Amino acid sequence: MNKEIQTITGNLQTALNDHPWYGRAVYEVLREVDEKKIYIKPNNNSHSLIDLLYHMLTWAEFTQKRIEKEAIDDMEAFNESDWRKIDPAVHTWQNGLAALKTSHQKIIELLQTKDDAFLEEKVDYRKYNFHYLLNGLIQHNIYHLGQIAYLSKLIA
């Protein structure tokens, strides 16, 4: 039985693509970002739009790789990639957005093969289970989407 997994994947898809209760969907807002302004930081201690996008990507990929049970050879390097140094030649908005979509789609596909018991399994390298991780990913996306929407208006 995978009733809870269906609920989680439905909530993830709603937040990403549909009409979530809180407002506009993640990809709708991300598609509208002015790419000429993605590297702007309002002050020296804040993140840019591109920083936020790649941070969201890091946690989507982390979630995907945990579901796939892929080993992390260098946890320190992974932790450093969380708020990675952005190279404009590599880290473009379109590349980040495409990777974010790919990772989320893979997560949804992987979850379709699981039953609800999977949600109680402990996540490798963490002290919590997949139920917590997956719901956290949805919350994380919404939280940073709010930052992106606000920052986009702030630097307009």
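This is a predicted model: local features need pLDDT of at least 70, side-chain atom pairs count only at pLDDT 80 or more; totals for chains, interfaces and linings use all residues.
The whole structure was searched for cavities of 30 Å³ or more, and 1 was found. The space in this largest cavity comes to about 30 Å³. Its lining consists of Asp51, Tyr54, His55, Thr58, Ser81, Asp82, Trp83, Arg84 and Ile86. Two elements, helix H3 (49-67) and helix H4 (75-82), each give two or more residues to this lining. The greatest contribution is that of H3, with 4 residues. Sorted by class, the lining holds 3 nonpolar, 3 polar and 3 charged residues. Rolling a probe the size of a water molecule over the atoms shows where empty space is left.

Asp51, one of the lining residues, also takes part in a salt bridge with Lys41, where the closest N and O atoms are 3.6 Å apart. Because Asp51 belongs to helix H3 and Lys41 to the loop between helix H2 (26-31) and H3, the pair ties together parts that are 10 residues apart in sequence. The two partners can be described by their accessibility: Asp51 is buried, at 9% relative accessibility, while Lys41 is partly exposed, with a relative accessible area of 44%.

In total, 6 salt bridges were counted in the model. Another of them joins Glu121 to Lys69, and here the closest N and O atoms are 3.2 Å apart. Glu121 is in the loop between helix H5 (93-111) and helix H6 (130-154), and Lys69 is in the loop between H3 and H4, so this pair ties together parts that are 52 residues apart in sequence. Glu121 is partly exposed at 35% relative accessibility, and Lys69 is partly exposed at 39%.

A salt bridge is also formed by the side chains of Glu32 and Arg24, with an N to O distance of 2.3 Å. Glu32 is exposed, its relative accessible area being 53%, whereas Arg24 is partly exposed at 37%. These two residues are part of a network of salt bridges that links Arg24, Glu28 and Glu32.

Helix H6 contains 25 residues. From its first C-alpha to its last, H6 reaches 36 Å, which is close to the 36 Å expected at 1.5 Å a residue. The buried residues of H6 are Phe130, Leu133, Leu134, Leu137, Ile138, His140, Asn141, His144, Leu145, Ile148 and Leu151. These buried residues pack against helix H1 (3-17), H2, H3 and H5.

Most residues other than glycine have a negative phi, and most peptide bonds are trans. Lys69, although not a glycine, has a positive phi of about 65°. This residue, already described as the salt-bridge partner of Glu121, is found in the loop between H3 and H4. A positive phi also occurs at Tyr125, a residue other than glycine, where the value is near 70°. Tyr125 is found in the loop between H5 and H6. Its relative accessible area of 37% makes Tyr125 partly exposed.

Key
Residues are numbered from 1 along each chain as its sequence is written. Side-chain values use heavy atoms; hydrogens and water are left out. On a 1 Å grid over the protein atoms alone, a cavity is a set of points where a 1.4 Å probe fits but cannot get out, and a pocket is an open set with protein on both sides within 12 Å along at least five of seven lines; lining residues have an atom within 4 Å of a point. Grid points are joined across faces, edges and corners, and a volume is the space filled by probe spheres set on the points. Ala, Val, Leu, Ile, Met, Phe, Trp, Tyr, Cys and Pro count as nonpolar, Asp, Glu, Lys and Arg as charged, and the others, Gly among them, as polar. A salt bridge is a side-chain nitrogen of Lys or Arg within 4 Å of a carboxyl oxygen of Asp or Glu. Buried means under 20% relative accessible area, exposed over 50%, partly exposed in between (1.4 Å probe, protein chains only). The expected span of a helix is 1.5 Å times one less than its number of residues. Contact means heavy atoms within 4.5 Å.
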